[in-house]
Amino acid sequence: MKYSAMLVAVGVFSAGTAFAQQPIKIGVLYPLTGGGAVYGVPAMAGHQLAIEELNAKGGILGRKIESIERDDKLNPATASSTMKELITKDKVDIVLGGLASSVGLAMSEVSKQEKVVYISTIPKTIQMTTDKLHKYVFRTSANTDQEGDTMALLAGRNKLTKLCHLELDYAYGNDLEAGILKSLPKHAPDAKVVLTLKPKLGATDFNPFIPQVMAAGCDGVLSGLWGPHFVSWVKQAAPLGFFNKIKWISGGEIGSHEIAGELKGEYPDNVISNTYELWYHGNDPSHKEFQAKLAKKLNTQETPQWAVLGYIGVMYTAAAMEKAKSTDPDKVAEALEGLSIGTPVGKLTIDAKTHQANIGQFWGPMVKKPDRAYRMMEPAEYIQPK
């Protein structure tokens, strides 16, 4: 009997040890090819930096972390099928990422069906944390209402009265437009929208739209053209003198170094935009250390801003699992509600009811610097929702 009991004990111990040594699997999707890669690749780099830091300290719950990384190709159907594969085949414990709001909504639906936590690290559509909110979805990026409110505020500050509205025709653009229109009466009561245009997501030819905006007589454009869309607009519109008199107030983080560094001297005048993080400006003491680590990893001092969002998603994952003392999705979801952590952009808290983090953004004009080949944001004002 004693010998049998000892064998049982050894068996239980061995099983427990084997379980403890199994890695915690984090699934992550970003666009790593195509137009979305300008943001997706840096986001993945930040994700990987966080994994490396955590594994160097023993991982999560004493277990190493395995990052299973996939390309969502900026396509909702691809993201949906790939996420299901990560959950059913790769047995991931949680899923992070997404970039386009349409992709984020698709991933959120899979999260709901499979009962696995999804942390939306970039997609902004307000729908995710309102009409389509569910137990397992959380967002650590800004949302379209927050961004729209700030854009309306800046329209008021710049005393713009005739506005052209230029958004991409999908969830992010449509919801950003709604957020702006909701806030204009509060911040810019004298402003009127005289023209609204909505090119398709992925559009590259903006020649049909540029003359319409120039003929509308607007003194300001409120836009959500992001990444390659803004780059294409600039290359096609700037030679026509488009930016000479029209103030461009934009979401979509075209104030990031990803875009300023790509356009360099072609970056136009009269642009006010946003970014989550600036390698040359911080609002929290921890930013300097983060930026130094990222610069070393990427071998460039002029680091991209999207990395911080990938980084924050992983750090929230770790904090929630440590708080829950488990990888069980229900327990992790419960731990995320109301959870506060320190990040390179300051302390963030996820609202327990809306599952939305109170992350802010830097906003400001993009200006020429005599010693730089690209524009920089100056002054940079960090605006955080209360």
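This is a predicted model: local features need pLDDT of at least 70, side-chain atom pairs count only at pLDDT 80 or more; totals for chains, interfaces and linings use all residues.
A disulfide here is a pair of cysteine sulfur atoms within 2.5 Å.

**View 1. Cysteine 164 and cysteine 218 are joined in a disulfide.** Welcome to the one disulfide that the structure holds. The two sulfur atoms lie 2.5 Å apart, and the angle about the S-S bond is -100°, a left-handed link. Distant parts of the chain are brought together here: cysteine 164 belongs to strand 6 (residues 162–166), while cysteine 218, 54 residues away, sits in the loop between helix 7 (210–215) and strand 8 (220–223). Both cysteine 164 and cysteine 218 are buried.

**View 2. Helix 2 (residues 37–56) crosses helix 11 (residues 307–324).** Follow the two axes and you will find that they come within 6 Å, crossing at roughly 40°. This crossing of helix 2 and helix 11 is right-handed. On helix 2, the residues in contact include Pro42, Gly46, His47 and Leu54; on helix 11, look for Tyr311, Val314 and Met315 among them. Sorted by class, the contact has eleven nonpolar, three polar and one charged residues.

**View 3. Helix 3 (residues 76–88) meets helix 4 (residues 101–114).** Here the axes come within 8 Å and cross at roughly 30°, again in a right-handed crossing. Helix 3 contributes residues including Pro76, Met83, Lys84 and Ile87, and helix 4 contributes Val103, Met107, Val110 and Glu114 among them. In this contact of helix 3 with helix 4, eight residues are nonpolar, five polar and two charged.

Terms used: Residues are numbered from 1 along each chain as its sequence is written. Side-chain values use heavy atoms; hydrogens and water are left out. Axes are lines fitted to C-alpha atoms, for helices over the stretch in contact, and angles run from 0 to 180 degrees between N-to-C directions. Helices (H or I, at least four residues) and strands (E, at least two) are DSSP runs, numbered from the N terminus. A crossing is left-handed if the near helix is turned anticlockwise from the far one by less than a right angle, and right-handed if clockwise. Contact means heavy atoms within 4.5 Å. Ala, Val, Leu, Ile, Met, Phe, Trp, Tyr, Cys and Pro count as nonpolar, Asp, Glu, Lys and Arg as charged, and the others, Gly among them, as polar. Buried means under 20% relative accessible area, exposed over 50%, partly exposed in between (1.4 Å probe, protein chains only).
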